[in-house]
Structures are given as structure tokens and as C-alpha cells.
Amino acid sequence: MNSLANTKRRTTGSRKPRKNVKIIPLGGLDQIGMNMTVVECGDDLIIIDCGQAFPDDNLPGIDSIIPNFGYLRANYDRIRGVVLTHGHEDHIGGLPYFLREFRVPVYGTRLTLGLVRNKMAEFGIRDASLYLVKPGDVVELGAMKVEFIHTNHSIGDSVALAITTEAGVLIHTGDFKVDYTPIHGGMIDLQRFAELGKKKVLALMSDSTNAERKGYTMSERTVGHIFTEIFPQAEGRILVATFASNVDRVQQIINAAAAYGRKVVCLGRSMVNVINTALELDYLEVPPGVLIDSSEIKHYQDNELVIITTGSQGEPMAALSRMASGEHRLIEIEEGDTVIFSSRPIPGNEKTVSNVINALMQRGAKVTYEDAHVSGHASQEELKLIYSLVKPKYMIPVHGEYRHLKAHADLVKSMGHEENNVVILHNGSELTLDAYEAKITGTVDVTPILVDGLGVGDVGNVVLRDRKILSQDGLMVVSLAINKETNEVISGPEFLSRGFVYVKESEDLMNGCKKVVEHVLGMYRELNLSDWAGLRTEIRDELRDYLWREIKRSPMILPMLLDVKQP
């Protein structure tokens, strides 16, 4: 018996450890945008996408938001490459910041890499290692293999990823929908999804953006019919605002313009860059003479022009917003213009888009903003289709706010998927999974990095708090000239107000502020006027209390003490 027991123990002890794989989302969950996911197996690490997000009103002055690369810095030597699903900003916008620091290979399809090269040129990055792939290709990245699968989305050359690891196959759909009549390329490769499903897929990471929408997402071609209905009725110029990277939408605008004898002008730096790239790579078909330069606008009548522009999300510096405010150097909105918003507002942008629409209408334009757009993301029936073909052991909703992830999770549970095998992750969660279990084994720091102009990560919570105060309550500067040796006040206090009150019309309030400062100075003369740090703090606190009592406002208060020596 003892001999048999010892044999069993030795056999059990010699069993090989189970192979597992880790999935760590650095962005893209509980939010729209900034998609970036790490997949680890053994000593190897690959990165799926590297996007950016765009700021809302809570981040004044911030240009964009990118993922936190701290975890990747700590594991630099394990990174085998970056694989890209498509060329939208929320999937490639963070790549220039990443490639400034990390010298690793990047794999993408033709149009995706074309757009990436544009961004590299803008950032002055000349030594990036970019590798072209096409659907069906398989690349080996350490011990992992990544297969690229053709999908449909609102931009051409979109792909899903099948990642073969020692623990099993992971499928990441990227952003997708099932479009039976796509503008560019063929239909999504459903056959390949089905083939992978027959071989047992460990986990499916699937786009959840439209998981709350019932039915199917309409084909991109349906938007073309809307353009052909609106264009012949328009009396003057037609302006169409859409995402710069929606090349298929641009193609349909060009088709409609050509059909009705109009010339097409592109405005907005990003729009011009994307269209030039698409033309160079033959992703746009433009009849001769249809596309003209913005400098030629003056040679044509209003009813001969279609203007494709950026600004569909109400971005303050985009071309359409400047037209709405009357600040654009080429286009002034007038009676007879027709403006078409060919996009849906990103959650959080509804108010800014509404403001632009109102401003355009006030200038006399006819605005269409509800019917000229279809989504690039799968609705519930398409999500069910992909799930049914893949038949994964674990289901991981990705891409979307929590409500989208939850709706997707509930959807697959309603189809009979085991509840314990549906995993809703958060950014920074470290999910370890194998054929037996999936569990959260840790977290990593994913505090997003804020980009302001050329500054990356130098704007933190303190600076943002100050900006919010300045934007909401304004600024008051209190200046005093003091002889530090004699403790004598040479001049002041003088008050400067910006965004708070108009000093010349607030004489009583300013006199009260002056008395508060003089009272503080009196106390400090009795003690020690040389403690200037304490004096500044006391002036600020006393003025804050006084202003709140008097007018219920809390501006930022900056005491300035100048040491003046009298001759």
C-alpha cells in the first residue's frame, strides 16, 4: 500500500503545469475609445491596437487621452509586436506616442498602415518597423501565432485576430459588423470564424458597442440612397460632415456628387490626409475632374459644390465648427446651404454637436442630422451569429461602456452560455485563463495619460482642478509691494480680475477685499511680516471666505508679494 501510494504521489508530482494565457485590457473598457489590450503567454507579450480617446468638458484644454504604458515599460523585453485591427483613431491614435518610446514591430493591413505612416510623418518618427499583412496571413510572435481575418466595418481593411497560444485559441473581433453589400472588399469571412469554432476556441473577445441594439446594423450602402435623395433637392452648397477615416462614406459622397454634376472639396487637415492616403492606395475611385482643391471654390457656383468636412462631433477647432461660428477662412455659411451630419455623436459629445447644429441653422443653413448615417458596429443578431459560429469556452465582451459590456454578456447568457464563463473585465484587470478556469489574478495601473499640445502626461489632477476653477469661477490676483526689511507696505493692495467680476463696476466689493487684506497685514505686522508664505496663505483664505459670504463665488486667488527696497 505504501509503495503504491508513493508511486501515485510521484506520478502526481511529475504532472506538467497547466498552460495559461493572460489578457490585460489597458484601455477600451468602461469607455468609448483608447482601445489597447495585452495578451501574454509564457515569456511573450503582444499588444492589440493602441488607440486614443477624446476629452469631454471635464478635461479643459486636453487634446487627447492615451493609454498608460507603465506596465509595458516594465515588460519591454517581452513585447513581440503590435497587431492592429483597423485604422480608426480610437485604435491607432496612441501609436505615435508608443513608438517614440518602444522599438517593436507593428503589423497591419494596407490602408491601416497607410494611415499609420501619415501619423508617423506628423510626429517625425522615421524608424518605425511597420509590416504589411493581408487577411489570411499568419505571423509568429514569439510562441504565439496571429492570424488576420477579414471583417466589415466603417473603414476598409478591417480585420479580426485569431491568436494561437499554448493555452488555446483566442479570437478578438476588433470593431466589426456583418455587411452583405460592403462598399469596399468582400463580406466578413464567416467561414473562417466557423472553421475556428470547430477547433475549440478558448475565448472570444467581441465588440460590444451596439450590444444594446436589437436586430441587424444596416449596410453602408443604405447611406448612399440618402445622399441621392438629398443632393438633387439642395439649392446651394452641400456640406457633409463625417469622420475623416470613414473612407467608404467619402466614396458614397463622391459617387452622389458625380451623379449630380457637382465638384467635391475636402476641408480639414485630417480629412485631406486620409483622402490623399486612400487615393494613393486605390481605396477611393474618383471620376476625373470631380475632386478639386479648396483654392478653386471661388470658380464655381454654390449649386455646383459638395464640401466634405471634419467636425461631425462638434470639435471646437474642426472646420465645421469654425464655419458655424463664422471663423472659417474659406466658407461662410449662408441661406441655401445644406449641411448633412453623416455620423452619430459619440457619447458625451451630444451637447457640443447640438450647439454646432443650432449655430448653422441660425446662419440660414438647412441641417440634416438623423438619417444620413449607419453604424459600423454589429447589433445583437450579428453578435449572436459570431458567437454561434465561434462557440468559445469563455466570452469576454470588449469595446464599450459598462452598459454595453453588460448587455453583451446578458445576450450570450440568454443563448445558453454558462454564466461563470462570461467575464466582464475592467481596464487594468489581469485575467488568467486556461481550459479549466478563468480568474482575475491581479491589476495593473491604467491611469490614462493626458496630452496637452506637446506635453504628454504633464497635466495631472492638480492642474485640471485649477483649470476647472478658472473656467467656472475665474481668477483674482492681489498684488502688494512691501519693503521686507522695514515691513512697510509701499503700494497696494491692487486687484486684477479675469473671468470673475469687472473691477470698475464692483467698487463696493473691491473696497471690502481691500479691507480684508489690510486687516491681515495688520495682524502680520504685530507678528512677523517676513513669513511671506504664511501671509500669502492667510490673504487667500480670508479673501475666499469674504467673497463666498458676499457673492457666493470662489475664484482662484493669487496673492503676489513684491519685495521693494526704497532708495
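Leaving aside its neighbours within four places in sequence, which residues is Val 104 in contact with?

## Val 104 and its surroundings

Val 104 touches Tyr 76, Ile 79, Val 82, Phe 98, Leu 99 and Ser 129, neighbours within four places in sequence left aside. Contact here means heavy atoms within 4.5 Å. Ser 129 is 25 residues from Val 104 in sequence, yet their C-alpha atoms are 6.8 Å apart.

Val 104 sits in the loop between α4 (95-101) and β6 (106-108). Helices (H or I, at least four residues) and strands (E, at least two) are DSSP runs, numbered from the N terminus. Val 104 counts as buried because its relative accessibility is 6%. Buried means under 20% relative accessible area, exposed over 50%, and partly exposed in between (1.4 Å probe, protein chains only).

## Basis of the model

This is a predicted model, in which local features need pLDDT of at least 70 and side-chain atom pairs count only at pLDDT 80 or more, while totals for chains, interfaces and linings use all residues. Residues are numbered from 1 along each chain as its sequence is written, and side-chain values use heavy atoms, with hydrogens and water left out.

## The chain overall

The protein chain has 16 helices and 25 strands. Of its 567 residues, 53% count as buried. Among contacts between residues at least 6 apart in sequence, 72% join residues at least 24 apart.

β2 runs antiparallel to β1 (residues 21-27), with 5 bridges joining the two. Gly 27 stands opposite Met 36. On β3 (residues 44-48), 5 bridges again join an antiparallel partner to β2. There, Ile 48 is the bridge partner of Thr 37. β2 and β3 form a hairpin with 2 residues between them, and Gly 42 in the turn has a positive phi of about 65 degrees.

## The eight-stranded sheet

β2 belongs to an open sheet of 8 strands with mixed pairing, in the order β7-β6-β5-β3-β2-β1-β19-β20. Two strands pair if DSSP finds at least two bridges between them. β7 (130-132) and β20 (438-443) are at the edges; each has a single partner strand, so one side of each lacks a neighbour in the sheet. Neighbouring strands are turned by 25 degrees against each other on average, direction ignored.

Helix α5 (residues 110-122) packs on this sheet and touches β6 and β7. Its direction makes about 160 degrees with that of β7. Axes are lines fitted to C-alpha atoms, for helices over the stretch in contact, and angles run from 0 to 180 degrees between N-to-C directions.

## Nonpolar cores

The largest nonpolar core has 63 residues. Such a core is a set of buried Ala, Val, Leu, Ile, Met, Phe, Trp, Tyr and Cys residues joined through side-chain atoms within 4.5 Å. Ile 47, Phe 69 and Phe 98 are among the residues with the most contacts inside it. Helix α8 (residues 247-259) gives the largest share of this core, 6 residues. A second, separate core of 31 residues includes Val 83, Leu 170, Leu 202 and Leu 433.

Beyond four places in sequence, Phe 98 contacts several residues, including Met 36, Ile 47 and Val 104.
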